[in-house]
Amino acid sequence: MLQMYHITKVYQTETVETAALRDFNLSVAKGEFVAVTGPSGSGKSTFLSIAGLLEASTAGRYVLDGTDVSGMNDNQRSHLRNEKIGFIFQAFNLISDLNVIDNIEVPLGYRGLRATERRELAQAALARVGLSGRAKHYPAQLSGGQQQRVAIARALAATPPLLLADEPTGNLDSGMARGVMELLEELHASGSTIVMVTHDLHLAERAQRIVRVMDGQVADIQHDIALVNPIGFTA
């Protein structure tokens, strides 16, 4: 599903050159649920940005669902991103003056679908997250956990092969966070491939595999076991 080979990402200003990723290597198989952890500044966000085709690497090779994206231009990456990837953000990123069902339909408009198709897909995604009764509500009328479920439905509506979750429970209390994690686990059990970036080791332990990033590289990988808090890591 996702293979990164020797990825390097360098950010450069007139006076400073910063390597956010250095010889970064990672593979995620179809149907996996992988948690990516690490301290602030370790390179997690840069990894997610490149994995999500929001930006290109400086060097290295990235293959997404069988397509080599290395060397693609912005338009090509945008087209592939819309086809292959669903995003779940910490801040929900819902449009405040659109109701729930319209929020879910927004990304579908970029795929050239007819209005009836968009509505059917949006309704199906909303039912999948258990919020069919909130279709006409606005984001401000929902709890934080409900807003995140809407954001997940928006990511699911186009049935992308890959879901990328960036601190999906970061703005939620513990009860709402558990609900969102249970939903992600249900999606994984139904066949979704999920890569989740999180600072929360308790949440990371619920994934199938834990990848720890440090100084722009993969520091270690834990398979199907609880991760003991490593030395130097601040949750």
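A hairpin of 4 residues links β1 to β2. Before going further, note that this is a predicted model, in which local features need pLDDT of at least 70, side-chain atom pairs count only at pLDDT 80 or more, and totals for chains, interfaces and linings use all residues. Residues are numbered from 1 along each chain as its sequence is written, and side-chain values use heavy atoms, with hydrogens and water left out.

**The sheet**

The names used here come from DSSP runs numbered from the N terminus: helices are H or I runs of at least four residues, and strands are E runs of at least two. Two strands are said to pair if DSSP finds at least two bridges between them.

Strand β1 (residues 2-12) and β2 run antiparallel and are joined by 8 bridges. If you want a spot to look at, I7 sits opposite F24 in β2. β1 also pairs with strand β4 (residues 59-64), again in the antiparallel sense, over 5 bridges. There, M4 has Y62 in β4 as its bridge partner. β4 in turn runs antiparallel to β5, with 2 bridges between them, and L64 stands opposite T67 in β5.

Here are those pairings side by side.

| Strand pair | Bridges | Sense |
|---|---|---|
| β1 and β2 | 8 bridges | antiparallel |
| β1 and β4 | 5 bridges | antiparallel |
| β4 and β5 | 2 bridges | antiparallel |

What is the strand order of the open sheet? It goes β2-β1-β4-β5, 4 strands with antiparallel pairing. The edges are β2 and β5 (67-68), each of which pairs on one side only. Helix α1 (residues 44-51) packs on this sheet and touches β1, β2 and β4, where contact means heavy atoms within 4.5 Å. The direction of α1 makes about 115° with that of β1; axes are lines fitted to C-alpha atoms, for helices over the stretch in contact, and angles run from 0 to 180 degrees between N-to-C directions.

**Two residues with positive phi**

Strand β2 (residues 17-28) holds D23. Phi of D23 is near 50°, a positive value in a residue other than glycine. D23 counts as partly exposed because its relative accessibility is 39%; buried means under 20% relative accessible area, exposed over 50%, and partly exposed in between (1.4 Å probe, protein chains only).

D215 also has a positive phi without being a glycine, near 55°. You'll find D215 in the loop between β9 (209-214) and β10 (217-223). With a relative accessible area of 52%, D215 is exposed.

G216 is in the loop between β9 and β10 too. Is G216 buried or exposed? G216 is buried, at a relative accessible area of 1%. Skipping neighbours within four places in sequence, G216 is in contact with A20, L21, R22, F24 and S42. One of these, F24, is the residue opposite I7. As for V129, it is 87 residues from G216 along the chain, and the C-alpha atoms of the two are separated by 34 Å.

**The α5 and α6 pair**

Two packed helices are described by the angle between their axes and the distance between the axes. For α5 and helix α6 (residues 174-189), the axes come within 9 Å and cross at roughly 20°. That makes α5 and α6 roughly parallel to each other, since angles under 35 degrees count as roughly parallel, over 145 as roughly antiparallel, 65 to 115 as roughly perpendicular and the rest as oblique.

Which residues meet? From α5 they are G144, G145, Q148, R149, I152 and L156, and from α6 they are M176, G179, V180, L183, L184 and L187. Sorted by class, this contact has 7 nonpolar, 4 polar and 1 charged residues. Here Ala, Val, Leu, Ile, Met, Phe, Trp, Tyr, Cys and Pro count as nonpolar, Asp, Glu, Lys and Arg as charged, and the others, Gly among them, as polar.

Leaving out neighbours within four places in sequence, I152 is in contact with I88, V129, V180, L183, L184 and L187. I152 and A29 lie 123 residues apart in sequence and 21 Å apart in space, C-alpha to C-alpha.

Finally, T169 is in the loop between β7 (162-166) and α6. T169 is buried, at 9% relative accessible area. Not counting residues up to four places away in sequence, T169 touches A177, V180, M181 and L203. V180 is also among the contacts of I152.
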